[in-house]
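Subject: Structure for you to look at

Dear colleague,

I am handing over the structure below, together with my notes on it. Please read the notes with the model open beside them.

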Amino acid sequence: QVQLVESGGGLVQAGDSLRVSCAASGGTFSRWDMAWFRQAPGKERDFIAHINWSSYSTSYASSVKGRFTISRDNAKNTVYLQMDNLQPEDTAVYYCTAKVSGLYSGGIDSQTSYDYWGRGTQVTVSS
């Protein structure tokens, strides 16, 4: 049973940095592509960042490019999202997700492409 557990969220001020983590279990993490999405109150869940299984390839939403960095440690079965220069509009629940097998049904920025989801961690940025 694949499980993804996010941690590291919290309340920060505008301009601060925060790193959220996602610990995976129940399978061969080193073979999975991983991604982060976020959902602000009253809005849809949006793609933030993607990293392939080997860390060779990363992709970002334009809204976070240059401020957020996705990385992974396959020895620790963990994927990270380093968030710098946080702004109030970054306030959301942040979810990690895993592509365990098969082809992408949509693009890497599509929720339907992924197989498993964590329960999320809240990030709140005050102005």
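What follows describes the salt bridges, the nonpolar core and some of the strand pairing.

This is a predicted model, in which local features need pLDDT of at least 70 and side-chain atom pairs count only at pLDDT 80 or more, while totals for chains, interfaces and linings use all residues. Residues are numbered from 1 along each chain as its sequence is written, and side-chain values use heavy atoms, with hydrogens and water left out.

I begin with the charged pairs. Searching the whole structure gives 3 salt bridges, where the term stands for a side-chain nitrogen of Lys or Arg within 4 Å of a carboxyl oxygen of Asp or Glu. In one of them the side chains of Arg38 and Asp90 meet, with an N to O distance of 2.9 Å. Because Arg38 belongs to strand β4 and Asp90 to the loop between β8 and β9, this pair ties together parts that are 52 residues apart in sequence; strands here are DSSP runs (E, at least two residues), numbered from the N terminus. Asp90 also forms a salt bridge with Arg67, and there the closest N and O atoms are 2.8 Å apart. This second pair links distant parts of the chain, since Arg67 lies in the loop between β6 (58-60) and β7, 23 residues from Asp90.

As for accessibility, Asp90 is buried with a relative accessible area of 0%, and Arg38 is buried at 12%; buried means under 20% relative accessible area, exposed over 50%, and partly exposed in between (1.4 Å probe, protein chains only). Arg67 is buried as well.

Lys99 and Asp115 form another salt bridge, with the closest N and O atoms 4.0 Å apart. Lys99 is in strand β9 and Asp115 in the loop between β9 and β10 (116-117), so this pair ties together parts that are 16 residues apart in sequence. Lys99 counts as buried at 7% relative accessibility, whereas Asp115, at 35%, counts as partly exposed.

Next, the core. The largest nonpolar core has 32 residues, and those with the most contacts inside it are Met34, Trp36, Leu81 and Met83; such a core is a set of buried Ala, Val, Leu, Ile, Met, Phe, Trp, Tyr and Cys residues joined through side-chain atoms within 4.5 Å. Among the elements that give two or more residues to this core are β3 (18-25), β4 (33-39), β8 (78-83) and β9 (92-99). Not counting residues up to four places away in sequence, Met83 touches Asp16, Ser17, Leu18, Val20, Arg67, Phe68, Tyr94 and Val123, contact meaning heavy atoms within 4.5 Å.

Finally, the strands around β3. Strand β1 (residues 3-7) runs antiparallel to β3 and is joined to it by 5 bridges, with Val5 standing opposite Ala23; two strands pair if DSSP finds at least two bridges between them. β3 also pairs with β8 in the antiparallel sense, over 6 bridges, and here Ala23 stands opposite Thr78. Thr78 is buried, with a relative accessible area of 10%, and its side chain reaches the backbone oxygen of Lys76 at 2.8 Å. Leaving aside neighbours within four places in sequence, Thr78 is in contact with Ser21, Cys22, Ala23, Phe29, Arg72 and Asp73.

With best wishes

Key:
Helix = DSSP H or I, 4+ residues; strand = E, 2+ residues; numbered from the N terminus. Polar contact = N/O pair within 3.5 Å; in protein donor to acceptor, adjacent residues only side chain to side chain.
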